[in-house]
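Biologist: I would like to learn how to read this model, feature by feature. Shall we take it in short steps?

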Amino acid sequence: MSASKYFFRASASDFEKIPNCPIVYWASKKIIRLFEQYPPLSKEIETREGLTTGSNDLFLRLWYEVELEQVGFSMADSNAAKSSGKRYFCYVKGGEFRRWSGNFEYVVNWENDGEELRVFIDPTTGRIRSHNYNGEYAFRQGFTWSGISSGTFAVRHVPSGFMFDAKGPMGFALDMNEQPIYESFLNSVVTNHLIKMLAPTLDFKLGHILNLPLKSVIIDRKVMGVATNAINLANIDWNSYETSWDFTSLPLLQSEYRQATLKETYQKLRLHWFNMTMKMQQLEEENNRIFIEAYGLQDELTPDVPLKEITLTCNPHYRYGGDKTAVELESLLLADTMKEFISYAVGCMFGRYSLDKEGLILANQGETLADYLKQVPEPTFMPDDDNVIPVLDGEWFTDDVTERFRRFVKVTFGDEYYQENLAFIEQSIGKDIRKYFLKDFYADHVKRYKKRPIYWMFSSPKGSFNALIYMHRYQPTTASVVLNGYLREFRTKLIARKEHLEQVSISASVSQRDKTNALKEIEKLKKMIDELESWERDVLYPLAAEQIEIDLDDGVKVNYPKFGKALKKVAGLS
């Protein structure tokens, strides 16, 4: 076998034709000529690195941690932000691989034009940090990308109203009317191929973007339409999930997908998601075809885009990846969709959402049921009145989370197919709904909200007692409500149950088998009662007496630990 098969021959002068002279010995002559023939993208766009806060823990929040009324959306410029009286503003900060739109999760404290952040002293140096603030570019429409990638370069459209981070740099078209064209170019297979010449380590800097060769023939209205449609699809997908601030209602409950049963409704929604994914794949492949032809790279590139790179959350190939079979992917998507239905139901139980009004209802600190009823005077599904919902292994309360969820299923999908709908949910998630709430719901919630949960779970050491609260409705008396309204009543019921079983165990009219079962349950109840008495004495009673205040501005990372062992531990929070 010839040794030449294992070697590339390249001229050093060829490397010099590529900006910054990277050693890309695999680059073809045709690719190298592109850098000679065409002007750099810097002739048409500007790029800027964003803000370095000096302490993300102090100045950044996931948007759902803070009060909604404190967030300034759609700011036109810095002056509008400054005069708005808002504390937090939308913030672009890198994120996972996603094309066209999305990853809008963070807000930054830029109150009064960044008054606090501008004077923040770096604790390591004792000096005010240089924050690299590009004021004239703040809140401008542009596009962003994640600086470090696992392999594929992608940009996302950013509407006006955002500030941006050093890990989420932004580009701005000199002619804003032409911006979709550059977004299409940068999301094409041609750019992905070329940029690997400029950034072989996949650490995409401003210069790498600016040095891409731009062929004028690409100024084509076709790609303008591709970008507009792709951005629209990506936005619809991103806003279909409750962790988006533009989420309005759960797709499963929207009238266009509604069928007689939950299963049939899911099937219709799933078909819609499939069509969305196919449409996006068609758009991206058309986009690639345009640029491959424009750059004459038919011999080196194909327009094909694998399903795993169609970056829509509703696309299981992207969402779950790996080498899973089609059956496994469908099973995961179905399970997660049902869990999203359950999560939305819990949101309705607390008044965060309503079946009668789109968007967020209660999302500011200390709001109450009275605040909810001002917005939704005659609710189809009434939220909890005291902001405490027990989560227990058994029907100890008529208003516990399982009973409330069953009522929610009846309200949303009717009585006729209730048993069938509930069975479909339980089959989809792989367990009884009570067991799901007890064992899995909170872990799923913590994961969905990126370890910054908005529903908090009071939980005894061994989980014999659990109760959910909504942090935006928290009051200093909430722990007392948990203690007096639920824990003590639950313990009283356990004691009554134990006393009843003790009578069973000595009754002459009861079989030996029933006596044996009663004695086993008595031992279990004793342990539960001891656990709850100890937890009340050492943890919950002192906490209730303290009447802790929280400030949502401090974020979950500061507020959650204030409750110590009263709340279920969240790994990685502190």
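Biologist: Which residue in β14 is the bridge partner of Pro390?

Modeller: Ala467 is the bridge partner of Pro390 in β14. A word on the source: this is a predicted model, where local features need pLDDT of at least 70 and side-chain atom pairs count only at pLDDT 80 or more, while totals for chains, interfaces and linings use all residues. Residues are numbered from 1 along each chain as its sequence is written, and side-chain values use heavy atoms, with hydrogens and water left out.

Biologist: What makes two strands a pair?

Modeller: Two strands pair if DSSP finds at least two bridges between them. Here β12 and strand β14 (residues 466–470) pair over 2 bridges, in the antiparallel sense.

Biologist: In what order do the strands of that open sheet run?

Modeller: The order is β12-β14-β13, an open sheet of 3 strands with antiparallel pairing. Its edge strands are β12 (389–390) and β13 (455–459), each pairing on one side only.

Biologist: How are helices and strands picked out, and how many are there in the chain?

Modeller: They are DSSP runs, numbered from the N terminus: helices are H or I with at least four residues, strands are E with at least two. The chain has 20 helices and 14 strands. Its C-alpha atoms fill a box of roughly 100 × 55 × 55 Å, taken along the principal axes.

Biologist: What is the strand order in the open sheet of 4 strands?

Modeller: That order is β1-β11-β8-β9, with antiparallel pairing. The edge strands are β1 and β9 (156–158), and each pairs on one side only. From one strand to the next, the twist averages 30 degrees.

Biologist: How many bridges join β1 to β11?

Modeller: 4 bridges join β1 to strand β11 (residues 170–173), and the two run antiparallel. Ile45 has Ala173 as its bridge partner in β11. Strand β8 (residues 142–144) also pairs with β11 in the antiparallel sense, over 2 bridges. There, Thr144 has Met170 as its bridge partner.

Biologist: What does buried mean in numbers?

Modeller: Buried means under 20% relative accessible area, exposed means over 50%, and partly exposed is in between, with a 1.4 Å probe and protein chains only. Buried residues make up 54% of the 574 residues in the chain.

Biologist: Is Ser244 buried or exposed?

Modeller: Ser244 has 3% relative accessibility, so it counts as buried. It sits in the loop between α9 (221–238) and α10 (262–295). Ser244 and Asn103 are 141 residues apart in sequence, yet 8.9 Å apart in space, C-alpha to C-alpha.

Biologist: How many disulfides does a search of the whole structure find?

Modeller: A disulfide is a pair of cysteine sulfur atoms within 2.5 Å. The search of the whole structure finds 0. Cys90 counts as buried because its relative accessibility is 2%. Cys348 is buried too, at 1%.

Biologist: At what angle do α18 and α19 pack?

Modeller: Axes are lines fitted to C-alpha atoms, for helices over the stretch in contact, and angles run from 0 to 180 degrees between N-to-C directions. Helix α18 (residues 478–506) and helix α19 (residues 512–546) pack at about 160 degrees, with their axes 9 Å apart. That makes α18 roughly antiparallel to α19. The cut-offs are under 35 degrees for roughly parallel, over 145 for roughly antiparallel, 65 to 115 for roughly perpendicular, and oblique for the rest.

Biologist: Is Lys524 buried or exposed?

Modeller: Lys524 lies in helix α19. At 51% relative accessibility, Lys524 counts as exposed.

Biologist: What is phi of Ser74 near?

Modeller: Phi of Ser74 is near 55 degrees, a positive value in a residue other than glycine. Ser74 is in the loop between β3 (71–72) and α4 (78–84). Its relative accessibility is 62%, so Ser74 counts as exposed.
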